[in-house]
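Dear colleague,

Please find below the structure that I am handing over to you.

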Amino acid sequence: MTTTTAWHAQSVNWNRFAIATGAVFAFTFLFDWIAHGMLMKPLYMATSDQWRSVEEMGNFFGWSVMHQILLSCAFVFLFTRNYEAKGWREGLRFGMWVGIIFAIMQSASYAWLPIPMTIPLAWAALQLVHAVGAGVIAAWLYRKA
């Protein structure tokens, strides 16, 4: 008899996966628009020589949306692999750990980008908030009926 790991123990409920992924994507799209298009805008304007122009960034809008869709799919899929049906607190915990990983990665950008430390620290904080929010949404929508 073979044993299965938790990774293989449960199958994905694809309907709930699609709903949760769509909601996490919508949250991500809105969150990024508020975070980067509004809250971080003054910092980006002060360091405009480090970024693509607004016009040039517009050419990459599809790339950004695809990134958000793929990130949402991966996030929700990983959530389903560890799903324990424990409610929104499970999503909070999952999002916190994913957010910590993303925050560490974002804060490292200070080492290779000539930007003030406030930007990567803000990115790190935003990543943590984003991942926690996405985790709660995934837990809420993926829960068992």
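**Overall architecture**

The protein chain contains seven helices and zero strands, where helices (H or I, at least four residues) and strands (E, at least two) are DSSP runs numbered from the N terminus. Along the sequence, the pattern reads α-α-α-α-α-α-α. This is a predicted model, in which local features need pLDDT of at least 70 and side-chain atom pairs count only at pLDDT 80 or more, while totals for chains, interfaces and linings use all residues. Residues are numbered from 1 along each chain as its sequence is written, and side-chain values use heavy atoms, with hydrogens and water left out.

Taken along the principal axes, the box filled by the C-alpha atoms of the protein chain is roughly 60 × 25 × 25 Å. The protein chain has 145 residues, of which 32% count as buried; buried means under 20% relative accessible area, exposed means over 50%, and partly exposed lies in between (1.4 Å probe, protein chains only). Among contacts (heavy atoms within 4.5 Å) between residues at least 6 apart in sequence, 79% join residues at least 24 apart.

**The nonpolar cores**

A nonpolar core is here a set of buried Ala, Val, Leu, Ile, Met, Phe, Trp, Tyr and Cys residues joined through side-chain atoms within 4.5 Å. The largest such core has 17 residues, and the members that touch the most others are Val-24, Phe-75, Val-76, Phe-79, Ala-138 and Tyr-142. At least two residues of this core come from each of helix H2 (14-39), helix H5 (61-81), helix H6 (88-107) and helix H7 (118-142). The most is given by H7, with seven residues.

Ala-138 illustrates the arrangement. Its contacts, leaving aside neighbours within four places in sequence, are Ala-20, Val-24, Phe-75, Val-76 and Phe-79. Another core, of nine residues, lies apart from the largest one and includes Ala-35, Ile-115, Ala-122 and Trp-123.

**How the helices pack**

The axes of H2 and H7 come within 9 Å and cross at roughly 155 degrees; axes are lines fitted to C-alpha atoms, for helices over the stretch in contact, and angles run from 0 to 180 degrees between N-to-C directions. H2 is therefore roughly antiparallel to H7, given that angles under 35 degrees count as roughly parallel, over 145 as roughly antiparallel, 65 to 115 as roughly perpendicular and the rest as oblique. The crossing of H2 past H7 is right-handed: a crossing is right-handed if the near helix is turned clockwise from the far one by less than a right angle, and left-handed if anticlockwise. Among the residues making this contact are Phe-17, Ala-20, Val-24 and Phe-31 of H2, and Leu-126, Val-129, Ala-134 and Ala-138 of H7.

H5 and H7 pack with their axes 10 Å apart, at an angle of about 60 degrees, and are therefore oblique to each other. H5 also passes H7 in a right-handed crossing. On the H5 side, the meeting residues are Phe-75, Val-76, Phe-79 and Thr-80, and in H7 they include Ala-131, Gly-135, Ala-138 and Tyr-142.

Thr-28, in helix H2, is buried, with a relative accessible area of 2%. Leaving aside neighbours within four places in sequence, Thr-28 is in contact with Gln-68, Ser-72 and His-130.

**Salt bridges and a loop residue**

Side chains of opposite charge can pair when their charged atoms come close. The structure holds three salt bridges, each being a side-chain nitrogen of Lys or Arg within 4 Å of a carboxyl oxygen of Asp or Glu. One joins Arg-52 to Glu-56, with the closest N and O atoms 2.9 Å apart. Arg-52 is partly exposed at 44% relative accessible area, and Glu-56 is partly exposed at 34%.

Glu-84 pairs with Lys-86, the closest N and O atoms being 3.1 Å apart, and with Arg-93 at 3.7 Å, N to O. These shared partners join Glu-84, Lys-86 and Arg-93 into one network. Lys-86 is exposed, at 54%, whereas Glu-84 is partly exposed, at 43%, and Arg-93 is partly exposed, at 39%.

Ala-85 lies in the loop between H5 and H6. Most residues other than glycine have a negative phi. Ala-85, although not a glycine, has a positive phi of about 55 degrees, and with 42% relative accessibility it counts as partly exposed.

Yours sincerely
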